[in-house]
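I opened this structure to look up its ring pairs, its core and its sheet. My entries are below.

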Amino acid sequence: TYSISEIRPEGKVVLGEFTGEETYIGREPNEAHAHIVIPSDAVSREHGKFVRIRDHWLYKDLGSTNGSWINGLPVRQGQMRLVRSG
């Protein structure tokens, strides 16, 4: 399985797992979709989504207020970015 984690001073905390072909991420993502909740005011209600294409996961920013970063690079609204482990 694939998961998303937050690195905190006390260690790594798993926030959720990717399910299906699309997983939405945000403070209050649409419950009609598989989703991962990030309880932070820095995260938009529907911040972005992860999309699986064959054996790869891509991320798309859905117009978040504060923007997104994947693997150290900014993701512009609507842009798809390949996600690498780690």
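The entries go from the aromatic rings to the core, then to the sheet and one lysine.

Entry 1, aromatic pairs. I note before anything else that the model is predicted. I searched the whole structure for aromatic pairs and got 4. I then looked at Tyr 2 and Trp 57, whose ring centres are 6.1 Å apart. Their planes stand at 65°, and planes over 60 degrees apart count as edge-to-face, so I logged the pair as edge-to-face. Tyr 2 lies in the segment before strand E1 (3-8) and Trp 57 in strand E6 (residues 56-61), so I put this down as a link between distant parts of the chain, 55 residues apart. Tyr 2 is partly exposed, at a relative accessible area of 47%, while Trp 57 is buried at 6%.

The ring centres of Phe 18 and Phe 50 are 4.6 Å apart. Their planes are at 40°, so I logged this pair as tilted. Phe 18 sits in the loop between strand E2 (11-17) and strand E3 (22-26), and Phe 50 sits in strand E5 (residues 48-53). The two are 32 residues apart, and this pair too links distant parts of the chain. I found both Phe 18 and Phe 50 buried. Ring pairs join Tyr 2, Phe 18, Phe 50, Trp 57 and Tyr 59 into a cluster.

Which residues make up the largest nonpolar core? I counted 11 residues, among them Phe 18, Phe 50, Trp 57, Tyr 59 and Ile 70. In general, nonpolar side chains of soluble globular proteins tend to be buried together.

In what order do the strands of the open sheet run? I read E4-E3-E5-E6-E9, 5 strands with mixed pairing. Strand E4 (35-37) and strand E9 (80-82) are the edge strands, each pairing on one side only. Neighbouring strands of this sheet are turned by 25° against each other on average, direction ignored. E3 and E5 pair in the antiparallel sense over 4 bridges. Ile 25 stands opposite Gly 48 in E5.

Is Lys 49 buried or exposed? I place Lys 49 in strand E5, and its relative accessibility of 14% counts as buried. Its side chain makes a polar contact with the side chain of Glu 22, at 3.2 Å. Leaving aside neighbours within four places in sequence, the contacts of Lys 49 include Thr 23, Tyr 24, Leu 58 and Tyr 59.

Terms used: Residues numbered from 1 in each chain as written. Predicted model: local features only at pLDDT ≥ 70, side-chain atom pairs only at ≥ 80, totals over all residues. Heavy atoms only, no water. Phe/Tyr/Trp six-rings, centres within 6.5 Å; stacked < 30°, edge-to-face > 60°. Buried < 20%, exposed > 50% of the residue type's maximum accessible area, 1.4 Å probe, protein only. Polar contact = N/O pair within 3.5 Å; in protein donor to acceptor, adjacent residues only side chain to side chain. Contact = heavy atoms within 4.5 Å. Core = buried A, V, L, I, M, F, W, Y, C linked by side-chain atoms within 4.5 Å. Pairing = 2+ DSSP bridges. Axes fitted to C-alpha atoms, helices over the stretch in contact; angles between N-to-C directions.
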